[in-house]
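Let's take a walk through a protein chain together. Keep the 3D view open and look up each residue as we get to it.

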Amino acid sequence: MSLIITSPLRGWATTLDSVPDPVFAQRMMGDGVAIEPLGDTIVAPFDGEVVTLHDAGHAISLRSAEGAEVLIHIGLDTVMLKGEGFTPLVAIGQTVARGDPLIRFDLDAVALAAPSLITPVIVTNAEAFAISRRSTDCAIGACEALMTLVPVQANVRRSSDDGIVIEQTVKLALPHGIHARPAARICEAARGFQAELHLLNGDKRGDARSTVALLALGTRFGDEVVVQARGDDAEAALAAIAALLATDMGETAPAAPSAAAPPRTTLQVGQIGGVIASPGLAMGPAARLRQAEIAVASEGVGAAEERAALLAARDAVRAHIAARADSGDASIAAVMQAHLALIDDPELIAGADARIAAGRSAGFAWRGAIHDQIDAIRATGNAHLIERIDDLVDIERQLLSALTGTPLDGAAMAAGAIIVADDLLPSQLVALAAANPAGVCLTRGGPTSHVAILCAGMGLPALVAMGAALGAIEDDAPLLLDAELGHVTLRPSPADAAAFAARLAKRAARRDAAQAAAQEACRTADGTRIEICANLGSAADAQFAAAQGAEGSGLVRSEFLFLDRETAPSEDEQHAAYQAIADALPGKPVIIRLLDIGGDKPAAYIPIAEEENPALGQRGIRVALARPDLLETQLRAILRVEPVGACKIMIPMIASIDELRQVRTLVDRLRSDMAIADAVEVGVMVETPAAAMTADLLALEADFLSIGTNDLTQYVLAMDRGNPAVAAGVDAMHPAVLRMIGETCRRATARGRWVGVCGGLASDPAAVPILIGLGVTELSAVPGFVAEAKQIVRGLTLSEARAHAELALQCKSAAEVRALSRAFEETRR
């Protein structure tokens, strides 16, 4: 079974590569995570025994019941302090529980005396335990999930017995395991088959049609889950669910800020610290939200009447949730879809019905069924799943409100107020959002909860896990919410309020300036034209990108049409999707990446034999050329888009010029068959070192080159970005990757071809000046970053960008490049 290692202190989690000490950075003691402290107390990261405690009080190691051994080392070279500033609170051999205080240290004194306060958290017996998931480049609170360890063990092979039950083992690609939103998608897929479908995780078994049962499995990223099917269409059902589980279902975690840890701050009098759930700044009066209890009778008036009342309440709540799901806001829609799955969950309904049959009231039965499932989720010990308990409580309260007529909380609130509450339910936040609050402060909650996701989607600064001290804040008390440094200031002085207001004004001015100029063509300060486009997956993405000033799309991920289904999309379906995207960006270039299936993106209807290393096997254009029927259908759909040539064609995973020639030949034949006289541009993605180093040869026959930095990075560094054991080191700012980008630009531009970047690096503010300096003339970023990217480019001259890029190429590590980028940004403020 896996073991969650929670953070032993509050701070900023980062990779071991950021530790300026080769013993830790080169993982000589083991693998792990480093934390820049913002708190002064080390707490136990799991239940276990204290194995070692250094005499200097600066380092401690613990062993869990499962045998995992973890070392916590406070700062670097702190052994030289000989215990000054450290107060051990436990002894060797003592048994501790997760969250128990272990060491207290003087944050300021140690920071002044030591070279660095960065605190490595190391798994020292890596031969027995591997890290399947870790939190890095993010704010983290004490007792928040930091790493997940799994025992090193052999793979389980697929087997089938007498044909009645068949099964397949799938390694979960979901970054947070099966939580509410992916569970809803699994249930939806399962309902399309007659077969019985169950998922097994260790000794836990859950119905694939029950959202709650899937949550209670307690799965995590990288878990090996067994899918079992029984029935007439068992084979098809098994293939569909297994294929779905092998994808990330769009749940890849959003890119965390690439900069290093924020400045360490010591809380001042009148400040309360918290965990950043949504970054930003806000000032305003406190608006305290207090939840009233909803009382229900325990005894029912009759099973028939109680069932009818429960059904009517469910219908009313379902309609209300569905209306919110259709609001047009993508983040709200995703959460509401998960709530729709919960309201119809068969295990919840069965649990309530059993209680009604035993004579209980509808409200009492519903509350009992909900809390049965909450108990099951708590028993998993999965911190991420436990955050999803709020969704169950939300559904409980909404239905009880409908049953009893008790109004829910939070209807009235002044605009610009900062919500202060013990916790907040997703439906409450959606309702409160109409009043335009300035920010959110919560006693409890977590940074990956649905409320955190909604706050981030709304651009609402939020701190969570602030503790009992938040209870001292009264209604209308003036607050300064700093969700960048992670604290709120209560009743600030006039000077503090004025300084904070100046920060807000400066931030708003930059944002307004970027948005005001969003629709203007992008040029550097000395007039060099740089196109800023957007990466897209749908027509809705395209509409949003256009509003942000996108000058086209440098990457349409066409695989969104091919994944999570039993058959390939037809030519007409594909054409309609591509045409809708082109229509949303009229007169602007749209580059469609050809089918990019294989490796970490399997499709059930494209069988690929098991590969020892899928990242080096059938991927991208290799799969498309092996399935000419699929490739030809897709090319015809693209060529049908009007006006002709509006959509350019981009070939993924090119490794040789022969692959480009094969696609070009097919495009020319189809153009002839379809009587298309106008030329259609065909470009290549540079994702392999082979493509980068032969960019001059490719540029002789390709119309453009676009660098996919995500895959290029993993191939240059020989680190699989899908492997949690090494994924933390996959940083596209590594000098080797930057040199590959520079070589691609140099070789291609010598042949008169432009080079773009459509990978994750194009959405990294620190990377934009370097990319421009290396010779990139088109960036395709996430839609929400387009306006900011334009503003960054407008503040650069080409000469200073080139000088900055040259310095970056001389750095020795990604950490050095990022430090250089921070210094470059500071000089320009």
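Predicted model: local features only at pLDDT ≥ 70, side-chain atom pairs only at ≥ 80, totals over all residues.

**The whole chain**

Let's zoom out for a moment. The chain has 829 residues, and 54% of them are buried. Its secondary structure comes to 27 helices and 34 strands. If you take the contacts with a separation of 6 or more, 70% of them involve residues 24 or more positions apart.

Now for H22 (residues 709-717). Why can we call H22 largely enclosed by the rest of the structure? Because seven of its nine residues are buried. Those residues are Thr709, Asp711, Leu712, Thr713, Gln714, Tyr715 and Leu717. They pack against several elements: strand E31 (682-686), helix H20 (689-693), strand E32 (705-707), H23 and strand E33 (755-757). After H22 comes Ala718, which has a positive phi near 55°.

Asn436 isn't a glycine, yet its phi is positive, near 55°. Asn436 sits in the loop between helix H12 (426-433) and strand E23 (439-442), and it counts as exposed because its relative accessibility is 54%. Arg491 has a positive phi of about 50°, and it isn't a glycine either. Look for Arg491 in the loop between strand E26 (487-490) and helix H14 (494-516); with 51% relative accessibility, Arg491 counts as exposed.

There's also a cis peptide bond to find: it joins Glu642 and Pro643, with omega about -5°. Pro643 is in the loop between helix H18 (628-639) and strand E30 (647-651).

**Opposite charges**

Side chains of opposite charge can pair when their charged atoms come close. How many salt bridges does the chain have? The count comes to 27. Here are three of them:

| Salt bridge | N to O distance |
|---|---|
| Arg314 and Asp344 | 3.1 Å |
| Arg593 and Glu559 | 2.6 Å |
| Arg669 and Asp673 | 3.4 Å |

Start with Arg314 and Asp344, whose side chains meet in a salt bridge. This pair links distant parts of the chain, 30 residues apart: Arg314 is in helix H6 (residues 303-325), and Asp344 is in the loop between helix H7 (330-343) and helix H8 (346-357). Arg314 counts as buried at 10% relative accessibility, while Asp344, at 29%, counts as partly exposed.

Next, the salt bridge between Arg593 and Glu559. Arg593 lies in strand E29 (residues 590-593) and Glu559 in the loop between E28 and helix H16 (571-584), so the pair ties together parts that are 34 residues apart in sequence. Both Arg593 and Glu559 are buried.

Arg593 also turns up beside another arginine. Arg557, in strand E28 (residues 553-557), is in contact with Asn535, Leu536 and Arg593, leaving aside neighbours within four places in sequence. The C-alpha atoms of Arg557 and Asn535 are 7.6 Å apart, though 22 residues separate the two along the chain. Arg557 is partly exposed, with a relative accessible area of 33%.

Arg669 counts as partly exposed at 38% relative accessibility.

**A lysine without a salt bridge**

Lys790, in helix H25 (residues 786-794), is buried yet has no salt bridge. Why does Glu551 not count as its partner? Glu551 is the nearest side chain of opposite charge, at 4.2 Å, and a salt bridge needs the nitrogen and oxygen to be within 4 Å. What does the side chain of Lys790 reach instead? The backbone oxygen of Gly549, at 2.7 Å. Beyond its neighbours up to four places away in sequence, Lys790 touches residues including Ala518, Gln519, Cys522 and Ile532.

How values were computed. Residues numbered from 1 in each chain as written. Heavy atoms only, no water. Helix = DSSP H or I, 4+ residues; strand = E, 2+ residues; numbered from the N terminus. Buried < 20%, exposed > 50% of the residue type's maximum accessible area, 1.4 Å probe, protein only. Lys, Arg positive; Asp, Glu negative; His and termini not counted. Polar contact = N/O pair within 3.5 Å; in protein donor to acceptor, adjacent residues only side chain to side chain. Contact = heavy atoms within 4.5 Å.
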